[in-house]
Amino acid sequence: MRLAIVILNWNGAQLLKDYVPLVLKNSNDAKVYVIDNASTDDSVQILQDRFPEVVIVQNKQNLGFAGGYNEGLKTIDADIFCLLNSDVEVTPDWTKPILRVFKDNADVAIAQPKILDLKKRDHFEYAGAGGGFIDKFGYPFCRGRIFQAIEKDKGQYDDITEVFWATGACMFVRKSVFSKLNGFDADYFAHQEEIDLCWRAQNKGLKVFYIGHSKVYHLGGFTLKNSNPNKTFLNFRNSLYSITKNLPLHRSLPLVFIRLLLDGVAAVRFVTQLRVKHSFAILRAHLSFYAHFFELLEKREKNKFMPKYYITKSIVWSHFVNEVKNFNILVKD
């Protein structure tokens, strides 16, 4: 089973210096590629000088996370792609448990390892943690991370289990599946495109898995920090995109209406926190959603939809009203 570890880079020269050496050292069963999204720093020169064994794929412009991978992966041949953020520290033998699951389970299409925080190594990391889920209203959360509440890693998720979505920070996906799904939706640009991809895979009867026997450490926040309003814009807009595309119309349209109301509440909350730019980001997200609504309807899959896509009705209510901060407590309620 041929594995290609593919790192998407944009002006991340220092990250390449810091993290590529461990990828090369700990990934003897894979070929390593870097897709460069038209960087203006010396990323490409550093790769050529310091890491000649890395294959460089150069995009002509910055196409974002979704479009960058879609374009760059066209030239890479492998059975399994590992899409790896440039700020991830990998560990010895990290690929072996994941490849074993792919070999033993033909219906596993996408998978992720345990994602821990590079700066607080005994805690899960925001982007992916122990595998992702969404609630009835499309809000994402993870085992080990509910909104900003991050759990300490005590071995509670050292398992292999099916999840709803795998993080784009370290996502393993069969090339055949990625091609069948026509890759990421490039209109997302960045953020939540992996949730959409996993949702579309499951609508086709495929499975997404978390493999806790493998672990990596993620720095996080290099491209867009949580404090950046553009991240708020992309997250709110792209969540509406996924709901519209991946549910039957009789369920998606009422749900979109409810989400618009809930997003309005979130915008008011941002105002009370004196984060007015984030409130305007939500407004921009809604306007962008309206502008692309009919295009989204045309993208809807023609196959059957999942009968149930969520594990809790409202993660917002559970977390902010009932003060649930732990995933295992959440699923017991």
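Me: Which residue lies over the face of tyrosine 217?
Reply: That's arginine 121, at 3.9 Å from the ring centre. A charge counts as sitting over a ring if NZ of Lys or CZ of Arg is within 6 Å of the ring centre and within 35 degrees of the ring normal. Lysine 308 lies over the face of tyrosine 310 too, at 5.0 Å from the ring centre.

Me: Before I go on, what kind of model is this?
Reply: It's a predicted model, where local features need pLDDT of at least 70 and side-chain atom pairs count only at pLDDT 80 or more, while totals for chains, interfaces and linings use all residues. Residues are numbered from 1 along each chain as its sequence is written, and side-chain values use heavy atoms, with hydrogens and water left out.

Me: OK, ring pairs. How many aromatic pairs are there?
Reply: The count is 19. Rings of Phe, Tyr and Trp (its six-membered ring) pair if their centres lie within 6.5 Å; planes under 30 degrees apart are stacked, over 60 edge-to-face, and the rest tilted. One of the pairs is phenylalanine 81 with phenylalanine 178, which is edge-to-face, with 6.2 Å centre to centre and 85 degrees between the planes.

Me: Why does that pair tie together parts 97 residues apart in sequence?
Reply: Because phenylalanine 81 lies in strand E4 (residues 80–84) and phenylalanine 178 in helix H5 (residues 175–180). Helices (H or I, at least four residues) and strands (E, at least two) are DSSP runs, numbered from the N terminus.

Me: Is phenylalanine 81 buried or exposed?
Reply: Buried, at 2% relative accessibility. Phenylalanine 178 is buried as well, at 7%. The cut-offs are under 20% relative accessible area for buried, over 50% for exposed and partly exposed in between (1.4 Å probe, protein chains only).

Me: And how is the pair of phenylalanine 289 and tyrosine 290 arranged?
Reply: Tilted, with 6.1 Å centre to centre and 55 degrees between the planes. Phenylalanine 289 is buried at 2% relative accessibility, whereas tyrosine 290 is partly exposed at 45%.

Me: Which rings link up into a cluster?
Reply: Phe65, Tyr69, Phe81, Phe178 and Phe184, through ring pairs. Phenylalanine 184 also has contacts (heavy atoms within 4.5 Å). Not counting residues up to four places away in sequence, its partners include Leu83, Met171, Glu193 and Arg200.

Me: Switching to the core. Which residues touch the most other members of the largest one?
Reply: Val6, Tyr69, Leu73, Ile76, Ile110, Phe164 and Phe184, out of 77 residues in that nonpolar core. Helix H7 (residues 229–246) gives the most to this core, with 6 residues. A nonpolar core here is a set of buried Ala, Val, Leu, Ile, Met, Phe, Trp, Tyr and Cys residues joined through side-chain atoms within 4.5 Å. There's also a second, separate core of 32 residues, Val23, Val34, Ile80 and Ala111 among them.

Me: Now helix H2 (residues 43–50): which residues are buried?
Reply: Ser43, Val44, Ile46 and Leu47. They cover an arc of only 160 degrees around the axis, so they sit on the same side of H2. The arc is that of the directions from the helix axis to the C-beta atoms. What covers the buried residues of H2 includes E1, helix H1 (13–25), strand E2 (30–36) and strand E3 (55–58).

Me: Last one: where is methionine 306?
Reply: In the loop between helix H10 (293–299) and helix H11 (315–321). Methionine 306 is buried at 14% relative accessibility. Leaving aside neighbours within four places in sequence, methionine 306 is in contact with Phe164, Trp199, Gln202, Asn203 and Arg251.
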